[in-house]
Amino acid sequence: MSANQRLRLDSPRHGSDSGESGILNERILILIFESIKWDIHMLCAASAVNRKLRAVATRLLWRELCMYRAPRMVAALANGAPNGRLGGGWHALAKLMFFCCGCESTRHFRVSRSSPGHFVKESRFSKTSGRSFLTKKCRGDLLYVSDPCEHPMGEREDDLGLYRGVFRGFMRSKTRACLIRRQVELEEGLCCPYCGARVWSMTAAKLVPKSAARRLGTHDGGLEYFVCVNGHLHGTCWLVPLSSEEEEEEEEEEGREDEEEGREDEDECSDDVDNGSDDSECDDRTVTDSSVSSISEEIAAVGPPDRRLCT
């Protein structure tokens, strides 16, 4: 081999994985995804190209997507997290935002047929709802829970409601401490559909408050939910049709709770740094797959569902 050939082999190639080029590539990727408003399907496709892009997505891009979709919720969840890391990773949180995990029969909740998981175009997460899932001793925890995703089960059965949520700082939460103190065993054969970790049944732990059934619009014993070791929640319930009087009472109760939460959030948001968006809502967060929106805004999905997010 000649000296010129050795020189060509030893010299760094254009676009190699040097530190500088890596930083530049990340900046370019962020600019690209900002220009397409962090399209979740495109991020799924990019992260599946090769290991390098997957590593960049895992380290940086999924976090940026989550912050774009629900800046207030993510800021609350990341508050106090070591190095801004969330249990299960940012990809798991993104999946939780936009994927209904479906339902199969469990030992405490039986269904006539399973319901497959699916991509959702919009999700509304609320810490008001989250408080309804906490026992009185655990009310100091912060938990965001989505509205139920309705799955029709046939004319002779009530509709099935599937919901999901996430704790802030679950490792230091009162809920986890209570599960450990009661020596509740992890479920056999079940894992979190978002991060793959093992789960506790809150029904088996007897940590399902009656307020959760009222919040979901179901009867006592008509629900079950699980919490994984990383703090992701998923569950099912029967959506019982309400009479007109019950609907009015529920709307009044939710209105009082939302007013109370709004007063609390005014204090929380007073010190927030402007994130550059036009969104000024501080209480319940509506997450969409194409932009940040207010509670009432409906935005259609861009492109077909990407199954790579659902694995």
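## Legends to the close-up views

**View A: R107, with a relative accessible area of 56%, is exposed.** The model shown here is predicted, so a local feature is described where pLDDT is at least 70 and side-chain atom pairs count only at pLDDT 80 or more, whereas totals for chains, interfaces and linings use all residues. Residues are numbered from 1 along each chain as its sequence is written, and side-chain values use heavy atoms, leaving out hydrogens and water. Residues are called buried under 20% relative accessible area, exposed over 50% and partly exposed in between, with a 1.4 Å probe and protein chains only as cover. The side chain of R107 meets that of E187 in a salt bridge, at 2.7 Å from N to O. Because R107 belongs to the loop between β1 (99–100) and β2 (118–119), and E187 to the loop between α8 (174–181) and β7 (199–201), the pair ties together parts that are 80 residues apart in sequence. Helices (H or I, at least four residues) and strands (E, at least two) are DSSP runs, numbered from the N terminus.

**View B: R59 and E26 are joined by a salt bridge between their side chains.** The N to O distance in this pair is 2.0 Å, and the pair links distant parts of the chain, with R59 in helix α4 and E26 in helix α2, 33 residues apart. R59 is partly exposed, at a relative accessible area of 47%. A search of the whole structure finds four salt bridges, a salt bridge being a side-chain nitrogen of Lys or Arg within 4 Å of a carboxyl oxygen of Asp or Glu.

**View C: D147 and R124 form a salt bridge through their side chains.** Here the distance from N to O is 3.2 Å. D147 is found in the loop between β4 (143–146) and β5 (149–151) and R124 in strand β3 (residues 122–126), so this pair ties together parts that are 23 residues apart in sequence. The relative accessibility of D147 is 34%, and the residue therefore counts as partly exposed.

**View D: The largest nonpolar core is made up of 39 residues.** Such a core is a set of buried Ala, Val, Leu, Ile, Met, Phe, Trp, Tyr and Cys residues joined through side-chain atoms within 4.5 Å. The residues with the most contacts inside the largest core are L61, W62, L93, M97 and Y144. Two or more residues are given to this core by each of α2 (19–35), α3 (40–47), α4 (51–69), α5 (71–78), α6 (90–98) and β8 (223–228), and the largest share, seven residues, comes from α4. A second, separate core has 24 residues, among them C138, F167, A212 and L223. Helix α6 is mostly covered, with eight of its nine residues buried; the buried residues of α6 are W90, A92, L93, A94, K95, L96, M97 and F98.

**View E: I28, I32, I36 and M42 form a nonpolar patch on the surface.** Together these residues have about 340 Å² of accessible area, as calculated by the Shrake-Rupley method with a 1.4 Å probe. I36 is placed in the loop between α2 and α3 and is partly exposed, with a relative accessible area of 34%. Patches consist of residues with over 30% relative accessible area and no salt bridge, like charges being joined within 9 Å and nonpolar side chains (Val, Leu, Ile, Met, Phe, Trp, Tyr) within 5 Å.

**View F: K136, R139, K210 and R214 gather on the surface in a patch of positive charge.** One of these residues, R214, is placed in helix α9 (residues 210–216). Lys and Arg count as positive and Asp and Glu as negative, while His and the chain ends are not counted.

**View G: Q183 and K206 each lie in a loop.** Q183, in the loop between α8 and β7, has a positive phi of about 55° although it is not a glycine, and its relative accessible area of 67% makes Q183 exposed. K206, in the loop between β7 and α9, has a positive phi of about 60° and is likewise not a glycine; K206 is exposed, at 70% relative accessible area.

**View H: H219 and V240 are 7.2 Å apart in space, C-alpha to C-alpha.** In sequence H219 and V240 are 21 residues apart. H219 belongs to the loop between α9 and β8 and counts as partly exposed, at 41% relative accessibility. N230, in the loop between β8 and β9 (232–239), counts as partly exposed at 27% relative accessibility. N230 and V166 are 64 residues apart in sequence, with 8.7 Å between them in space, C-alpha to C-alpha.

Definitions and conventions:
The place of a charge is taken as NZ of Lys, CZ of Arg, CG of Asp or CD of Glu.
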